[in-house]
Amino acid sequence: MFGVQSMVARVLDAVVVVAAAAVASHVRFADDTLGRSDAMVVPFVVMLTLAVFPALQVYQSWRGRSWIAMISRISAAWIAVQACNLVLLFALHRGG
């Protein structure tokens with residue numbers, strides 16, 4: 001049963017990343033611009049999320065652990081994902 005819950009959590013994390021990208025794109029550009037060439041970053045961030053979160057043991061049981069440890073581990077995972085995303089953005093930097 002734990003494996004199914006972990007898979008559901010991973011799918012929900014991926015859906016949240018895509019939904020947040022769509023909302024941010026709509027707020028910034030006032031239309032659905034996820035079809036732009038810059039939108040190729042979204043699948044990369046989803047893949048990073050699916051790789052980094054399990055590596056930092058985010059999907060393990062938190063029963064009996066402190067909230068501080070849980071929040072710090074999730075924050076560290078997001079910082080790692082965003083740092084890798086920043087490296088990708090600098091690597092793909094285009095003029096114009």
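**Fold order.** I read the elements of the protein chain from the N terminus and got α-α-α. The chain has 3 helices and 0 strands; helices (H or I, at least four residues) and strands (E, at least two) are DSSP runs, numbered from the N terminus.

**Ground rules.** I note that this is a predicted model, where local features need pLDDT of at least 70, side-chain atom pairs count only at pLDDT 80 or more, and totals for chains, interfaces and linings use all residues. Residues are numbered from 1 along each chain as its sequence is written, and side-chain values use heavy atoms, with hydrogens and water left out.

**Whole chain.** I looked up burial: 24% of the 96 residues in the protein chain are buried. Buried means under 20% relative accessible area, exposed over 50%, and partly exposed in between (1.4 Å probe, protein chains only).

**Core.** I then turned to the largest nonpolar core, which has 13 residues; Val45, Val52, Phe53, Ala77 and Val81 touch the most other members. Such a core is a set of buried Ala, Val, Leu, Ile, Met, Phe, Trp, Tyr and Cys residues joined through side-chain atoms within 4.5 Å. Helix H1 (2-29), H2 and H3 each supply at least two residues of this core. H2 gives the most, with 6 residues.

**Phe53.** Leaving aside neighbours within four places in sequence, Phe53 is in contact (heavy atoms within 4.5 Å) with Asp13, Leu48, Val58, Tyr59, Ala77, Trp78 and Val81.

**H2 against H3.** I checked which residues of the two helices meet. From H2 come Val41, Phe44, Val45, Leu48, Thr49, Val52 and Phe53; from H3 come Ala77, Trp78, Ala80, Val81, Cys84, Asn85, Leu88 and Leu89. By class, this contact has 13 nonpolar, 2 polar and no charged residues. Ala, Val, Leu, Ile, Met, Phe, Trp, Tyr, Cys and Pro count as nonpolar, Asp, Glu, Lys and Arg as charged, and the others, Gly among them, as polar.

**Asn85.** I looked at this residue of helix H3 (residues 67-91). Asn85 counts as buried because its relative accessibility is 9%. Apart from neighbours within four places in sequence, Asn85 is in contact with Val41, Phe44, Val45 and Leu48.

**Gln57.** My last entry is on the loop between H2 and H3, where Gln57 has its place. Gln57 is not a glycine, yet has a positive phi of about 60°. Its relative accessibility is 36%, so Gln57 counts as partly exposed.
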